[in-house]
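Student: I am new to this structure. Please take one part and walk me through it closely.

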Amino acid sequence: MSVSVRIPTILRTYTGGAAEVAGEGATLRDVLAKLDADYPGIGARILDESGKIRRFVNVYVGDEDVRFADGLDTATPDGVQVSVIPAVAGGC
């Protein structure tokens with residue numbers, strides 16, 4: 001399935017500055033594997049050493065947070081937008 005992947009500013013060095021790139025795969029796992037194949041190194045910024053989504057990275061397929069769906073096995077239907085969003089922390 002062909003999808004679009006929104007890339008946060010902090011990871012755009014991997015995509016040559018592109019804010020959105022084309023992705024492909026039936027599941028989020030497939031999309032991220034293809035993304036890392038096309039843009040080497042970006043996968044390690046999204047997934048940890050055990051292959052799970054990093055604690056401070058949120059990933060959405062459409063409007064759905066994959067942590068509350070099927071995680072990396074979340075389906076990525078044709079035309080859906082995948083958004084990678086780093087968590088922001090701060091305070092006084």
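Tutor: Start with a term: two strands pair if DSSP finds at least two bridges between them. Keep in mind that this is a predicted model. Its confidence comes first. The chain averages a pLDDT of 95. At least 70 is the score of 96% of the residues. Helix 1, residues 28–38, has the highest confidence, with a mean of 98. Strand 5 has the lowest, at 96.

Now the part itself: strand 1, residues 2–6. Strand 1 pairs with strand 2, residues 20–24, through five bridges. These two run antiparallel. Within that pairing, Val 5 stands opposite Val 21.

Strand 1 also pairs with strand 5, residues 81–86. Here there are three bridges, and the strands run parallel. Arg 6 has Ser 83 of strand 5 as its bridge partner.

Next, return to Val 5. Val 5 belongs to the largest nonpolar core, which has 20 residues. Val 5 is among those with the most contacts inside this core, along with Leu 28, Leu 35, Ile 46 and Val 59. Strand 1 supplies at least two residues of the core. So do helix 1, helix 2 (42–46), strand 3 (57–61) and strand 5. Helix 1 gives the most, with four.

Setting aside residues up to four places away in sequence, Leu 28 touches Val 59, Val 61 and Val 82, among others. Its contacts also include Ile 53, Val 66, Gly 71 and Leu 72. Two threonines, Thr 74 and Thr 76, are on the list as well.

How values were computed:
Residues are numbered from 1 along each chain as its sequence is written. This is a predicted model: local features need pLDDT of at least 70, side-chain atom pairs count only at pLDDT 80 or more; totals for chains, interfaces and linings use all residues. Side-chain values use heavy atoms; hydrogens and water are left out. pLDDT is the predictor's confidence in each residue, from 0 to 100. A nonpolar core is a set of buried Ala, Val, Leu, Ile, Met, Phe, Trp, Tyr and Cys residues joined through side-chain atoms within 4.5 Å. Buried means under 20% relative accessible area, exposed over 50%, partly exposed in between (1.4 Å probe, protein chains only). Contact means heavy atoms within 4.5 Å.
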